[in-house]
Amino acid sequence: MESQKKSFLQKCLAESVSDVFSTMVGVELCPVQEKAAAPKGYKSEITGVMMILSTHNALLSIALSKENAAMIVSFMTGIASVELADDELYDGVAELVNMIAGRAKALLAGTDYHYQITPPLTIVGENHFILYKKNVSQLSMEFEAGEIKLHLDLTYL
Amino acid sequence: MMNGHLSSQAFRLFQKYIEEHCGIVIRDEKAYLIESRLSKFLIRFGLSSFEELYNMLRQQKQAALTEEIIDAITTNETLWFRDKTPWEVLEDQLLPKYITAIRQGMGGKIRIWSAACATGQEPYSIAMCIDRYLLRHGIADITLNHFEIVATDISHTVLQLAKLGKYDNITMARGMTLDYREQYFRQEGRTWLLDERIKNSVQFRQFNLQNSFIGLGFFDLIFFRYVAIYFSEALKKEIVKKITNSLTKEGVLILGNSEVFLDYNEYFEAEYYKNANFYTVRGGCYENIIRR
Amino acid sequence: MKILSVDDSAIIRKIIRSGVEVLDYELVEAADGIEALTILERSSEDIILILLDWNMPGMDGLVFLEKIKNTASLKHIPVMMVTTESEKENIIRAIQAGAINYLVKPFTIEELMKKVLECMGEGR
């Protein structure tokens, strides 16, 4: 991905993630500096996914551990994490990726990167990952706030 | 057919208008907020475009409408005991001084102002902090009644919420500690009700920070946290002067821990305590006999 | 007095419930437009406000909104959109279809309560 496009999209996504998490979760989630040669196929337990429909279609995904998902959804709802059912964690993660995509969509309106979105979905399973074809154009970002770690991928299909 | 698209030109016009008339700076990335929050004014006035709304505002110059626009576009974010350490400043540095002053019979109350109080977490945190301090130190001759806590916001709606003294479990999870919650709240279903005594110790008033502060009186302590970040440089300078003139002798200003106050030196001495910056007004402009 | 929340996310409905109950309203929930219509057909008298998501599977929010605005017994009920859609053209579409206010996701509880009070005309 050319560096100007990458930089622009990273800024939009960072702003979107920050807005969504500070508003809905009460947590300031900040992008972590890119590590050299991060391994492809990030493994997690819950991944929220949105299809991005544009001149170049893409998949936006946020991946996190079940423990982090429980913490985040607990902050969102004010319900203790032990009282949350698994379905509620999956729903919460789906809503978060929905809102992140929605915010980014607003930021990108009127630019060459504007898009439409589909309803979100969640992929669940210990140590799962999403396998794309070789050489897809992908932007990956890591976010952190205390113990919370989130991995975001924007993958052009 | 309503042309609702907020073109770049219209957004720039609004950005400029809001900065000139409200002193609030809207960043480009927040254009989407203007789009969603101003649309209700198109409906109310039966207008077809933002350009029409802009023209109407410029022509009519209605103060009440300008205030409604500020209310609509500003985000009211607040937390319980935000930043944590200013409360230690209050307990360790300021309350001992206030208690001495009250016992020395200085007359009148210790006046505290929480500016841009939103849904009330800050002024109620102040009241709870003072009350708990008095209880913990076995101070029986002084109560919350020796303090006057004034809380202001530009939004009538948000003040209505603050006065309820009722909070949901999500809001309670943001900054409220278990010990304060147990001491000052009771739960009804998912809602938490603040102790009536604490609720009644705060006076809420609608107030626009662009107006003169004279009517508010003088304060021993002003909480002005995470408000100025939205303002233009010109408005920030003006407000610092107005705050200076509203503080009593050795009155204190507390800003947000992460807020930078570069030009404090002209009017304030800066002090640093447990990660909190607080600013004591130099000399003070008013003698005790006229401050209350 | 009841408020109807129509959203395919149970988590969003839970969050909305927290704010609505502080204002002493009872929340009725529907996961989609069809369920909401069933609820309204059964008992619409107590429902004084509808909080409506846009992008839902099956019947989307705008179709639901148009349906109730074209139903004599339901058209009086005010509707506020609660949605990720923040682009002006879409918001104007919703308002032209009859929404009286809207709240963009993500939102804080305070914003939700403020907007609900506005819908009830209690803001000023």
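Me: Before we get to the helices, how are angles between axes taken here?

Reply: Axes are lines fitted to C-alpha atoms, for helices over the stretch in contact. Angles then run from 0 to 180 degrees between N-to-C directions. Keep in mind that this is a predicted model.

Me: So are α2(B) and α3(B) roughly parallel or roughly perpendicular?

Reply: Helix α2 (residues 31-45) of chain B packs against helix α3 (residues 50-60) of chain B with the axes 10 Å apart. Their angle is about 80 degrees, and angles of 65 to 115 degrees count as roughly perpendicular. That's why α2(B) and α3(B) come out as roughly perpendicular.

Me: On to the chains: how does the side of chain C that touches chain B divide into nonpolar, polar and charged?

Reply: Here 25 residues of chain C meet 28 residues of chain B. On chain C, the elements giving two or more residues are α1 (10-22), α4 (88-96), β5 (101-104) and α5 (109-119). That side splits into 10 nonpolar, 7 polar and 8 charged.

Me: And which helix gives the largest share of the side of chain A that touches chain C?

Reply: In this pairing, 18 residues of chain A contact 16 residues of chain C. At least two residues each come from α1 (3-25), α2 (66-77) and α3 (86-108) of chain A. The largest share, 8 residues, belongs to α3(A).

Terms used
Residues are numbered from 1 along each chain as its sequence is written. Chains are lettered from A and ligands numbered from 1 in the order in which they are written. This is a predicted model: local features need pLDDT of at least 70, side-chain atom pairs count only at pLDDT 80 or more; totals for chains, interfaces and linings use all residues. Two residues are in contact if their C-beta atoms, placed from the backbone, lie within 7 Å. Helices (H or I, at least four residues) and strands (E, at least two) are DSSP runs, numbered from the N terminus. Ala, Val, Leu, Ile, Met, Phe, Trp, Tyr, Cys and Pro count as nonpolar, Asp, Glu, Lys and Arg as charged, and the others, Gly among them, as polar. Angles under 35 degrees count as roughly parallel, over 145 as roughly antiparallel, 65 to 115 as roughly perpendicular and the rest as oblique.
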